[in-house]
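Let's explore this protein together, one question at a time. Have the structure open as you read.

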Amino acid sequence: MRGQSNKKNNSEESRSASDPYANDTRAGLQADRLGTQDLEQLLEVTRKLAAPIGLPAMLALVVDAACKVLRAERGGVFLFDTSSHELVLQVPAGSTPVRVPADRGIVGECAQSRRLINVTDCPADPRFEAELDLGGARSLLSLPLVSHEDELIGVLQIVNCSHGRFDRHDEHVASALAAQCAVVLYRAQMTETRLLTEKLDREITVAREIQMSGLPEEMPQVPGYDGAGLLRPTDQTGGDLFDFVRLPDGRLFILLGDATGHGIGPALS
C-alpha cells in the first residue's frame, strides 16, 4: 500500500510540474470570477464594436475592456505592417509610432506562431524585451489577432494581472476579446481598402474625361480625303493622343503623341 501511495504522489508531482495551473485553487472559482458585471462588459464591448467607430477609438475600447475584465494594469495593440514586416503599436497612442520587428520579443513570437503566450514572470523570461514588448511588465498575456482568412492582423498584449498572474480563465476571456477585435479590425481594413478603391476609380474617371476632352470633336474637312480617329486605351486611361493642326499655308499637320506609361499621370501629361 505504501508503494502505491508513493507512486500516486510522484504522479501528482509530475503533473503539477508540467501544468502550472494544476494546483491553482483559483481555477475552481472561474465561474464565480466571471460575474454578471463582467459578462455585461463583454456584451457591451461587442455591441460597441458593431457600431461604425474610428479605429483608434475601437482599439482603445478593446484594451480598456480587457483590462477591466481581467483586472490588469494596462494593455496595448500592435498592428502588423505587411510592407515593412513590422508590428506598429497603436494603443496606447504615443507621439512617435513604436515599430517592432515582427520576429523579436514576445510580441514577435506571438505574431510568428499565432499562438497565445502567457508569461508569469517577464523579467525572468529570455524572450521578453522591454523596449519591444510593453515595458514594465511583470505578467503578460500576448494574443495574436488573426482574420478568418488566417491573415495576421496584429497582436493584443495585456500586462500585470492584479492577482499575480493570468490563469486559464483569463486566457479564455482574453481570447474571446482578441477574436472579436480581429473581426472588427479585418472589417475596418476591408472598408478602408474599398474606400481607397472607390476614390481611385473616381480619379481615373476624371482623368479619362480630361483625356478625351483633348481630342478633336470633329475631323477637318480636306478635299479628296475622309478622316476618322479612334482612341481606345488598353487601361482605363492611357498616354496616347492625336490631333489635327491647320498650318498657316493651308496644309494639315497630323499630331500623334504617346506619353510613357499608362494611368492617371500619362493621361494628364
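Q: How many bridges join S5 to S6?
A: This is a predicted model, in which local features need pLDDT of at least 70, side-chain atom pairs count only at pLDDT 80 or more, and totals for chains, interfaces and linings use all residues. Residues are numbered from 1 along each chain as its sequence is written, and side-chain values use heavy atoms, leaving out hydrogens and water. Strands (E, at least two residues) and helices (H or I, at least four) are DSSP runs numbered from the N terminus, and two strands pair if DSSP finds at least two bridges between them. S5 and S6 run antiparallel, and the number of bridges joining them is seven.

Q: Which residue in the turn between S5 and S6 has a positive phi?
A: These two strands form a hairpin, with five residues between them. In the turn, a positive phi of about 65° belongs to aspartate 150.

Q: Which residue of S6 is the bridge partner of arginine 74?
A: S6 also pairs with S1, in the antiparallel sense, over seven bridges. For arginine 74, the bridge partner in S6 is valine 159.

Q: How many residues of S6 are buried?
A: Buried means under 20% relative accessible area, while exposed means over 50% and partly exposed lies in between (1.4 Å probe, protein chains only). S6 is largely enclosed by the rest of the structure, because its buried residues number 10 of the 10.

Q: Which alanine does leucine 156 touch?
A: Contact means heavy atoms within 4.5 Å. Not counting residues up to four places away in sequence, leucine 156 touches residues including Val63, Val77, Leu145 and Ala178.

Q: How many disulfides does a search of the whole structure find?
A: A disulfide is a pair of cysteine sulfur atoms within 2.5 Å. Cysteine 122 is buried, with a relative accessible area of 0%, and cysteine 67 counts as buried at 12% relative accessibility. The search of the whole structure finds a disulfide count of zero.
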